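Trainee: I would like to go through the labels used for this model, one by one.
Mentor: Good. Ask for the criterion each time.

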Amino acid sequence: MNKKRWYKDMVFYQIWPRSFKDGDGDGMGDLWGVLEKLDYIKSLGCDGIWFSPIYPSPGADCGYDIADYLDIAPEFGGMEAFRKVLDGCHERGMKLIMDLVVNHTSDEHEWFQKSRERIDPYTDFYIWRPAGPGGKLPNNWDSNFEGKAWTWDEVRGEYYLHLFAVKQPDLNMDNPLVREEVKNILRFWLDLGVDGFREDVITFISKKEGLPNDRLFPIHKGIRHYSHGPHIHEYLEEFKRDVFDHYDCFTLAEVPLVWPKQALSYIDEDKGQIDMMIQFQCQCADCLFTDYLPTKFSLRKMKKAFSSWQKKLYGRAWNMLYIENHDHPRIISRYGNEKYWKQSGKTLATAYLFQQGTPFIYQGQEIGMLNWKPEDPEMYEDVQTRYQYAHKNLRKSPKKRLQKMWRASRDSARTPVQWDASENAGFTTGDPWFFVNPNYKKINVAQQEKDPNSILNFYKKAIRLRKTLPVVRFGSYQEHFPKNSKVYTYSRRMPGQKLLVVCSFSDKPAKFKLPNGFDLMGSRLILTNYPAQEKLLQPYECRVYYWKS
């Protein structure tokens with residue numbers, strides 16, 4: 001089947017369901033709440049939804065530990081609510097994609113329970129190894145969340161591999177029966193009408209044979225032995241050939257540690273196995289590899305990441321564009337400036353929405369939600385955050401460790417969406433499952449819908465513009481003044497049209513400079529976040545100029 005590349009003309013909205021909207025008053029976000037807000041999502045200009053996992057799960061990693069791939073968790077409304085949301089999306093001309101998490105399952109999944117008891121055919125569904133001399137671990141690999149990557153199982157009498165939380169054992173994708181189960185999962189949801197999948201850490205599913213020790217990496221030991229493993233392209237091609245090629249759907253892969261040249265081996269439109277890729281480079285302008293190794297924000301680093309993907313994929317593959325998701329703190333608190341909250345929120349939107357690719361907006365991003373700063377580390381829910389606080393940087397005071405969590409924790413992206421200024425930010429009529437950011441009376445949807453100059457209405461205008469200007473879809477990309485550490489300037493060009501995007505990331509006035517070959521004569525200023533344009537760019541000012549000949 002030849003796929004229609006419909007995803008190229010879309011804007012997606014990511015929903016982290018337990019914090020989006022509670023529709024039944026039990027304090028937990030659910031699909032009834034999503035159904036209630038479909039028209040709101042459509043009003044933004046978004047025509048697709050990506051759901052973070054909504055399958056039955058014990059909740060060790062907020063749903064990324066799946067106990068049943070073929071059902072919807074009852075706390076989210078079960079299959080009845082899901083079918084209503086799916087139908088509601090399609091009735092509005094919207095697409096719906098699910099999260100596919102098959103590097104690991106929950107340890108409460110039936111497969112794992114049978115595997116630990118050596119019940120065929122599940123005996124080798126997971127990666128088991130005997131203890132070494134004196135109970136030694138099978139190798140020196142680290143978990144990405146909790147200590148080492150091996151945990152002893154008393155029932156089986158062996159260690160199992162978990163690259164993430166202890167309750168997330170890794171599947172053995174080298175077992176062809178496991179791959180058949182994955183294909184059955186895919187067909188089940190596609191036959192139900194789902195339009196595609198976001199594939200969680202999919203490039204971790206093939207491990208190096210022999211699982212050797214890592215004697216090179218000082219942190220995240222083992223990652224070079226399971227990231228882009230020996231059979232990864234073979235397995236992805238199998239899923240594509242046997243399933244995806246038979247449906248009009250699309251696939252989006254989450255891929256840590258990838259650069260454009262390597263990405264093309266996955267997403268090249270002529271010979272790749274998947275359609276788009278979530279890369280992490282654009283999230284590393286204020287850290288080293290992970291949010292828990294912070295550095296000072298570098299605009300030049302951010303620009304280099306954006307420009308590299310725009311230039312190297314052009315004409316060969318399609319970019320996935322994002323600045324926020326459920327795995328990172330809020331972007332204004334990171335790359336912007338809370339003092340210039342409204343201005344920097346609009347500038348960040350402009351910086352990425354006019355690049356070539358399919359933009360994704362994460363819930364609350366469109367109103368400029370900020371990082372959450374709890375007074376007590378026990379208030380955090382996220383398994384990674386709790387481990388970091390309790391086991392890392394122990395030489396620092398509890399106050400210093402807590403402040404690091406304020407900057408780095410994923411939980412800042414997981415506080416309930418702030419719908420209005422009523423109790424619990426309008427998220428629920430019950431007791432919310434998680435803490436509401438106390439700034440909700442200032443930052444909420446209802447207030448911004450009434451303010452024509454709000455961040456929310458700015459997003460609506462920017463999305464409307466990118467959808468009406470062919471140059472955003474088809475034009476080439478060029479960055480200007482790459483060494484400028486205060487201003488991000490880039491242009492988009494195609495025959496008969498060009499666009500110039502100028503975004504200041506300074507809290508002081510910055511010089512406005514036109515690139516060679518650009519003259520404001522004949523241009524239209526189609527988007528800005530300041531009422532009047534001066535010779536200098538004001539703090540966090542953005543401008544988008546458009547020429548048509």
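Trainee: What makes the 3 strands an open sheet, and in which order do they lie?
Mentor: First, the ground rules. This is a predicted model, with pLDDT of at least 70 needed for local features and 80 or more for side-chain atom pairs, while totals for chains, interfaces and linings use all residues. Residues are numbered from 1 along each chain as its sequence is written, and side-chain values use heavy atoms, without hydrogens and water. Now the sheet: the order is 4-6-5, with antiparallel pairing. Strands are DSSP runs of E, at least two residues; helices are runs of H or I, at least four; both are numbered from the N terminus. Strand 4 (128–129) and strand 5 (150–153) are the edges, since each pairs on one side only.

Trainee: How do you know that strand 5 pairs with strand 6?
Mentor: Pairing requires at least two DSSP bridges between two strands. Strand 5 and strand 6 (residues 158–161) have 4 bridges and run antiparallel. Asp153 stands opposite Glu158 in strand 6.

Trainee: Why is Gln448 called buried?
Mentor: Buried means under 20% relative accessible area, exposed over 50%, partly exposed in between (1.4 Å probe, protein chains only). Gln448 has 1% relative accessibility, so it counts as buried. Gln448 belongs to helix 14 (residues 445–450). Beyond four places in sequence, its contacts (heavy atoms within 4.5 Å) include Trp341, Glu366 and Leu456.

Trainee: What makes Leu44 buried?
Mentor: Its relative accessibility is 2%, so Leu44 counts as buried. Leu44 sits in the loop between helix 2 (38–43) and strand 2 (48–51). Setting aside residues up to four places away, Leu44 touches Tyr13, Glu366, Leu456, Lys460 and Ile463.

Trainee: Why are the buried residues of helix 8 said to line one face?
Mentor: They are Pro260, Ala263, Leu264, Tyr266 and Ile267. Down the axis of helix 8 they fall within an arc of 160 degrees, so they line one face. The arc is taken over directions from the helix axis to the C-beta atoms. These buried residues pack against helix 7 (232–242), strand 9 (276–278) and helix 9 (299–313).

Trainee: What makes a set of residues a nonpolar core?
Mentor: The members are buried Ala, Val, Leu, Ile, Met, Phe, Trp, Tyr and Cys residues, joined through side-chain atoms within 4.5 Å. The largest such core has 136 residues; Leu31, Phe82 and Trp189 are among those with the most contacts inside it. Helix 15 (residues 455–468) gives the most to this core, 7 residues. Another core, of 16 residues, lies apart from it and includes Trp150 and Phe164.
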